[in-house]
Amino acid sequence: MEKNFILAGFGGQGILLAGTILANAFMLDDKNVTWYPCYGAEMRGGTVNCEVVVSDTEVSSVHKQNCDYALVLNQQSFDRFINNVKTGGTIVANSTLVSEAKPRNDIQYVFAPMGDLANSLGTSKVTNVVSLGVLSSVIDIISKDALKLGIEKVLGEKKKDLLPLNIKALEAGAELVSCAKL
Amino acid sequence: MSETDKVLIKGNYAIAQAAVNAGCQCYFGYPITPQTEIGEYLSGKMQELRRGYVCAESELAAINMVIGAVSTGVKAMTSSSSCAVALMQEALSYAASDELPVVLVNVMRAGPGLGYIYPAQGDYNQSVYGGGNGDYKIIVLAPSTVQECIDLTYKSFYLAHKYKNPVILLADGLLGQMMEPASFGEYPYPEIDNSSWALTGAKGRNSRAIYSCARDEKKQIEHINHLFEKFELISKNETSWEEFETDDADIILTAFGSMTRNIKAAMKVLREKGIKAGCFRPITLSPFPHKRINELGKQGKDFIVVEMNMGQMFKDVKYAVNGESKTELVNRPVGEWLKVEEIVSAVEKITEKSYAASI
């Protein structure tokens with residue numbers, strides 16, 4: 001089984017970090033995983049994205065045309081990647097910044113006000129972690145507990161003080177969408 | 001590899017930390033995308049460890065600083081990318097002639113000229129055949145995964161010192177920027193004794209000099225013959241490659257570096273479609289595994305070379321096959337790596353064509 005994710009948002013929304021946490025979670029779950037960022041002239045305010053591929057066997061290629069899951073935190077990212085979701089795939093969007101339109105009928109949509117929830121937790125900086133919480137509640141291949149380990153690993157000893165807030169954001173995100181796993 | 005020491009790490013950081021573990025005492029470099037993280041990481045780490053770090057004023061200065069440092073017998077390196085590695089070619093020719101253990105990491109980007117920062121594999125010729133003057137040879141290692149960025153960085157330092165020969169670690173932007181689980185372990189090679197040649201001050205012994213100026217034709221001929229005999233030995237001892245399912249294969253997909261992952265995936269798809277494909281990838285681009293490729297060619301296996309340039313390694317494969325079987329090229333000059341589906345359909349087209357020609 002091989003699945004791939006595109007994670008995208010504004011530069012500064014922490015999307016590369018979200019991808020890093022996701023990839024760490026898969027690694028700790030003993031999966032083969034790769035993380036590949038768009039790199040180059042992106043800057044704060046522009047769109048930035050990364051691709052995470054997870055596989056039971058060796059990852060077949062790091063950078064693919066289409067994805068099984070897209071996690072998008074702003075409108076530009078939604079517009080840019082909506083056509084890169086495979087038929088039957090899922091796009092998970094931050095409805096605080098993305099309008100709830102469904103231009104394709106062969107994919108599944110999850111809209112959740114991730115930015116608003118992050119603000120209610122005290123800082124929009126945790127929108128990325130909230131989004132991972134949402135992701136864990138709607139797809140099967142990544143669990144909230146695995147993501148917790150991923151967050152711990154990424155924060156490490158140095159930033160351990162940020163752990164409680166991030167765990168809270170993850171938990172809150174996981175409860176944001178009431179629907180069962182797709 | 002135990003699970004606990006696995007880390008999710010970028011190729012660039014992996015190379016940098018591996019250099020630290022290998023005992024690299026000095027790093028000299030000048031920033032350029034897509035390898036800047038190497039210098040960034042070492043700028044802090046080398047200071048912490050009280051080792052040498054200089055952000056040089058140019059690439060030309062950086063590689064010449066490496067020459068200075070390794071002349072004293074220590075391990076030292078620089079890293080850069082394509083168009084800036086072009087600036088270092090003169091120094092590589094000097095280092096090869098001076099028999100100095102220079103380690104150069106090239107994280108390839110697109111060329112020619114300034115090109116751009118997206119990945120490419122266009123420096124095969126620059127690395128393997130060299131842009132410097134005269135007859136010389138460089139050892140070139142091509143990692144295909146982040147784990148290999150570590151393993152082959154270790155090997156680069158070892159081979160450079162073992163054979164007193166410059167080594168290029170030829171990675172690419174995709175490998176430098178991507179993250180993948182990997183583990184460092186310890187530097188696995190023995191330390192090489194440099195005391196017979198290193199410039200360490202002449203107290204208590206005769207003075208030494210390292211130079212490449214040759215005013216005596218006869219001695220120069222001897223010197224070049226010596227360099228090439230040495231490289232013969234390197235070819236004999238160090239040529240390495242990897243093969244997958246070549247035993248029963250009719251066609252062998254061949255790639256180097258991070259494209260290997262894609263040809264292996266394409267091989268699986270092709271096998272499901274009934275095409276007996278195998279994979280071959282040189283780990284050492286120089287010395288190149290000519291002999292093994294020729295053997296496989298003699299068994300009637302055709303080669304399809306897949307690379308992100310205009311067919312640079314293709315020429316070496318063709319030369320190695322030497323007409324024993326067919327060789328074809330599937331390529332794109334720069335940018336997004338050829339996708340698995342693209343490789344599969346290109347191979348299908350080639351095999352259909354050759355089937356049509358055979359009836």
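Predicted model: local features only at pLDDT ≥ 70, side-chain atom pairs only at ≥ 80, totals over all residues.
**Entry 1. Domains of chain B**

The centres of domain 1 and domain 2 of chain B, taken over C-alpha atoms, are separated by 27 Å. I noted the bounds from the domain assignment: domain 1 of chain B covers 3-185 + 211-238, and domain 2 covers 243-358.

I then looked up how the two domains meet. In chain B, 25 residues of domain 1 are in contact with 20 residues of domain 2. On the domain 1 side, I found that the elements giving two or more residues are helix H6 (124-128), strand S7 (139-141), strand S8 (167-172), H8 and helix H9 (217-238) of chain B. H6(B) provides the largest share of that side, four residues. By class, I recorded 16 nonpolar, six polar and three charged residues on the side of domain 1 of chain B that touches domain 2 of chain B.

**Entry 2. Chain B as a whole**

I listed 13 helices and 15 strands in the secondary structure of chain B. The C-alpha trace of chain B spans about 75 × 50 × 40 Å along its principal axes. I checked the radius of gyration of chain B, which is 21 Å; this agrees with the value near 21 Å for a compact globule with 359 residues. Of the 359 residues of chain B, 52% count as buried. I also took the contacts in chain B between residues at least 6 apart in sequence, and 79% of them join residues at least 24 apart.

**Entry 3. The nonpolar core**

Which residues have the most contacts inside the largest nonpolar core? I found Val66(B) and Leu253(B), in a core of 170 residues. The element that gives the most to this core is helix H1 (residues 15-28) of chain A, with ten residues. From chain B, the core draws at least three residues from each of domain 1 (3-185 + 211-238) and domain 2 (243-358).

Not counting residues up to four places away in sequence, Val66(B) touches Phe28(B), Ala76(B), Met77(B), Thr78(B) and Val102(B).

**Entry 4. Helix H11 of chain B**

I turned to helix H11 (residues 290-298) of chain B and found Ile293(B), Leu296(B) and Gly297(B) buried. Why do they lie on the same side of H11(B)? They cover an arc of only 105 degrees around the axis, which puts them on the same side.

I next asked what the buried residues of H11(B) pack against. The partners are strand S11 (251-254) and helix H12 (312-321) of chain B. After H11(B) comes Gly300(B), with a positive phi near 85 degrees.

**Entry 5. Contact between chains A and B**

I counted 20 residues from chain B and 20 residues from chain A in the contact. On the side of chain B that touches chain A, helix H8 (173-177), strand S9 (179-182) and helix H10 (259-272) of chain B each supply at least two residues. H10(B) gives the largest share of that side, four residues. I noted its composition as ten nonpolar, three polar and seven charged residues.

**Entry 6. Chain A**

I found six helices and six strands in chain A, in the pattern β-α-β-β-β-α-β-β-α-α-α-α along the sequence. The radius of gyration of chain A is 15 Å, close to the 16 Å from the globule rule for 182 residues, so chain A is as compact as a globular protein of that length. I recorded a span of about 40 × 40 × 35 Å for its C-alpha trace along the principal axes. Buried residues make up 49% of the 182 residues in chain A. Of the contacts in chain A with a separation of 6 or more, 59% are between residues 24 or more positions apart.

**Entry 7. Phe5(A)**

I located Phe5(A) in strand S1 (residues 2-10) of chain A.

Terms used:
Residues numbered from 1 in each chain as written. Chains lettered and ligands numbered in written order. Core = buried A, V, L, I, M, F, W, Y, C linked by C-beta atoms within 7 Å. Buried ≥ 20, exposed ≤ 12 C-beta atoms within 10 Å, placed from the backbone. Domains from an automatic or database assignment. Contact = placed C-beta atoms within 7 Å. Arc of directions from axis to C-beta. Rg over C-alpha atoms; globule rule 2.2 N^0.38 Å. Nonpolar A, V, L, I, M, F, W, Y, C, P; charged D, E, K, R; others polar.
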